[in-house]
Each structure stands twice: as structure tokens, then as C-alpha cells.
Amino acid sequence: MRTPVDARGDGQDPDPPKPRRPPLSRASSYMPRRAIESFENLVALANHQERLRDARKIIWRDRGEPAVELEDLWECLEHAGRGGMRAGTVAFMLRAGLNVILASLRLGRVPKEMRYALIRHAIFGKDSFRFAAMLGSFVALYKFTLNALPVLLPQPSEPPPSPFEESEDENEPVTPNPVKRRVRFSLSAHAQEVWVRKRTHRWHAALAGALAGSLAVMFEKRSRRIAIAQQLFVRGLQGSYNAFTSKSGFHIPHGEALLFCICCTQIVHALFCRPDTLARSYELWLSNASGASRQAIKMVRDMNSNGTFDVQDIDKILQRSDLIPANRTALLAVKAMATGEPPDFGLYPPCNAIHPWVESCLSVPIPRLMTVFKWAFPIYGALHFLPMMLFKRRAFLSRPIHMLGKAGMGTIRSSAFLAAFVASFQSWVCLKHYIYEVLSAQKTFRLPKSIINFFVSKYSYALGGFLGALSLFIEERRRRGELAMYALPKAMESAWLTARGKGWVFRTGSAGEALLTAVAMGMIMNDPQHLSGLVRRILYQFIGPN
């Protein structure tokens, strides 16, 4: 075969053509810039997320935050200052937000030209600054004192003895330690407990809490200091009792119900014998819940204090539109005896004055039960439904039927509890009068006169409060403790004022609120892990592990 000849005639294969480089597309020329812009966007997004996390920490503290190690007083002061500023800011926003919500409910009844001033006062009023100063100063003082004490009073850290070390006497029998109930710590409580055991004595936290609490409460109004001190003292008692029971294993069955019964004994006694020892608003609420007229309650108080009553109260009851003829006749007879010579007021107020709309005492409990139930239903409905909407929104949206049913059942139980309390107490008032008449008429078997007279004495009303409080068992078990904690400070204040009036206790003067707050915060900060979950979470959000 002949070899093909190219154009140059050299008889060799021509060079293969070189591949032409493809032209750069217009889109590819912009890829580096787009990559840079994407990278810059990612960096900006990461920085934005970091700033959001930092801003979120100002409002909400993450669980399990480690304790801060501080070496000198300047670091303690700086750490306390930052914590105090954060707590004060959060407290100001909380109080201002609550004031705005309450003010918005009144906007419809306020003239338009005053609405702006109302909102401005709700946000920047003295109450918001007082609340912020109280919580901010407490956190700052507590943090500084708690962290400065180990610096000023250093303690040698000794490792705890190992349970695996050999004893000196190998023949000594090993006795197992008794099993103790372990306290379940949350992450935040565990962090604080580890730090306290590592750096400080337990009394450091108690001293810091007492010092900070006694000074911080002075920023609030005098009228609010006693309420704050009472609530803190009750929480301190709760934590101390829980700590004692967890260490000793001692437990009182249905202790919250027993405590509530004791508190109601004092409160009901004060309502009918010493109303001045109760807060005015609370006394009015109890009087309205009882369903009895103000004149009937006043007659009971007068009979308990001096054995007489004001005849004008009888006249006001006689003017009631729901007074039936039989009770009118009985009340006119009582009035005639009270205005006679000599006046005879009897040993107890007549039942006709307590329930003038019905003659028989047996016809009182069921209608009273239904009336109080309908009166209390919207009150307890708000207490059960609103917290669910605000704090359990995610659970409500995921299971609305279940959550609504749970809140509805809770409302029914709470309303039934209050209705049963009022109905049983009013039944007791009529029953004790009947018991007195029956025992006084006995000829064959007569009890001592002191026992018979007890049923018409002022202390019989206190027994009625104890018996009525047994209706607490209608409530859900987890709410019994909260109701007992609600009634305890009011009962303690009434008992203290009663004892002070009799000269049994000393007067605390203007330092009483600070002293009570110091004792309360000392107990709370000594054992914070034994408080209720809600109180622990609030303390952790404001104070942190240290």
C-alpha cells in the first residue's frame, strides 16, 4: 500500500490538531464572587445567631450553667454587678409588662386623653423601679457575699474518704450504711450544690441570703413588705420541712391538709372575733364568699366580743326583700327582748338572721352549695385556664381536647371545694346551736357545763373552720400544698397580731419586715433544692448557680 502523502509531501503523519479551549462562559466568571458572598452570608448568619443567643441569655438562663470560679474580691464585685444589672432589667420588664396588661384592662373606662398617661405610668411608674431595685440589689448582694466569703475565709479542701480504702482493722465487720432517700436534683440545683460543697460552707449561702434579703426588701413600699416577707417565710418553712423529711424519713400523712385545717381554724376565728388581724381585702372576700349578710356577720362579732348586738342590725335585716314572714316574726321577738328591761340578747345570734330567706336550717346547705359554686366557677376558671394558655401553650396546641378537659375538671373540683367549705361551715353554725339546745335540755345524762357552753362560745366558730377545711380533699392532691401555702401566711399574721394584742409576743417595730425577710431568705438559700420546682426555677433564672 502506498503511504498517503500530505500537502507538504514529506510522507509522514500530520500532527494531531490541538484541542481548542472552550470559551469561558459568562456565568462561570461570577462563581468566585458568589462563593465569597455566600461565605460572608454564612458568617453574618452565625454572628447573628450568636448575638441572639447572647441576648437570650440576658432574659433566660440555660439549664445546667456551670458555676463561675472567682479568685479575688474584684472579680466577685464584677460578677455580682453583672448579675444585679441583669436581674434588675428582667424584673423591670416583668413588672412593667404586668402593669401594662392590668392597665389595658382599664382603658375602656379611662378617658382618651388620659390613656397615654396611664400606659406611661404603668411602664415607668415607681412600682416598676421599686421592684427592679429590690430584685437587682438582692441578686447583687447575694452573689457578692456568697462568692466573697470563700475568698475572705479560705478553707482547705480535703478530698472525701474513699469507700474503697481498707480499714485499719481488717477483721472488723463492715456494716452497710442505711439506705437514705436521695434528693432528685435538677441540673441547675446540682451545679449549685456541687459548687457550694466545693467552695463554701452551707452557712455562707444562708448568711448571704439573709443579708441580701433584709436590705433588698426595703426598696419596696411598706404596705408590700409584709406580704413579700410572709410569702418568702412560708417558702422557707416549706424547704426546711422538706429537707428535714428527706434526711430523717419523717413524714406526716396528709400533712398539707392538716396544715390547711389548722390555718383555717385561725382564719375563721379571726373573721368572727378579731377581723382587725386580717387584711381588709381578704376579710371582705371571706365575707362575700360566706353568703351571709354584713349585718348577720356583725351581730356574730358583737356577740363574741361583748355578748350583745346592735338592734339596728336587726332593723336592716327586717328591711330585706327576701325576708319570709316566719323569720320576720321571730326577728321581731328577738328585737323586743333586746330592747326590753332588762335587755336579753340571748347566748347566740338567731339563725333567722343568718338565713332570713328560709326558715328551716336543713334547707340552707344545698342552695348555699350551688350558689357558692356558681360564684366561684369563673374565678377558678381563670386560675386554671389562663396559666395553661400562657405557660403550657405547646402542650395545649398538641392536645387541646385533653388540656381543656383537664382544666375544666380542675375548675369543677376547685369550685366544689370552696362551695363545700362554705356550705359545711354554715351548716355547722346552725348545728352547734341545735346541739346546745339539746344538751341543755337533758335531765338524765348531763355533760359538764363547760362542754355545753362551748357550742355557743366564740371558739366554736374556730372548730367550724377546721371541719370546713376538710373539704380540701375534694381538690387535686398537687394543689393542696399550694392552698396550704396560701393560707399559712394569713393565719400566721392573724395569730401574731392576736398574741401581740394580748401581750404574749414583742413588737418588732419598723424592722419587723426586714427581720422576717432575713430569716426567710436564710432558710430558702440554705436548702434551695428542697423547694418546689417553680420556686427553684425562678431562683435559678435570677441568681444562677452562684
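Me: Which residues do ring pairs link into a cluster with Phe92?
Reply: Phe92 is linked by ring pairs with Phe124 and Phe129 into a cluster. Rings of Phe, Tyr and Trp (its six-membered ring) pair if their centres lie within 6.5 Å; planes under 30 degrees apart count as stacked, over 60 as edge-to-face and the rest as tilted.

Me: What sort of model is this?
Reply: A predicted model, where local features need pLDDT of at least 70, side-chain atom pairs count only at pLDDT 80 or more, and totals for chains, interfaces and linings use all residues. Residues are numbered from 1 along each chain as its sequence is written, and side-chain values use heavy atoms, with hydrogens and water left out.

Me: How many aromatic pairs are there in the whole structure?
Reply: The search finds 14 aromatic pairs. In one of them, Trp285 and Trp375 are tilted, at 5.8 Å centre to centre and 45° between the planes.

Me: Where do Trp285 and Trp375 lie?
Reply: Trp285 is in helix α9 (residues 280–290) and Trp375 in helix α14 (residues 365–391), so the pair ties together parts 90 residues apart in sequence. Helices (H or I, at least four residues) are DSSP runs, numbered from the N terminus.

Me: And Phe309 with Phe345, what kind of pair?
Reply: Edge-to-face, with 5.0 Å centre to centre and 85° between the planes.

Me: Are Phe309 and Phe345 buried or exposed?
Reply: Phe309 is buried, and Phe345 is too. Buried means under 20% relative accessible area (1.4 Å probe, protein chains only).

Me: New topic: which residue lies over the face of Tyr461?
Reply: Lys432, at 4.2 Å from the ring centre. A charge sits over a ring if NZ of Lys or CZ of Arg is within 6 Å of the ring centre and within 35 degrees of the ring normal.

Note on methods: Helix = DSSP H or I, 4+ residues; strand = E, 2+ residues; numbered from the N terminus. Buried < 20%, exposed > 50% of the residue type's maximum accessible area, 1.4 Å probe, protein only.
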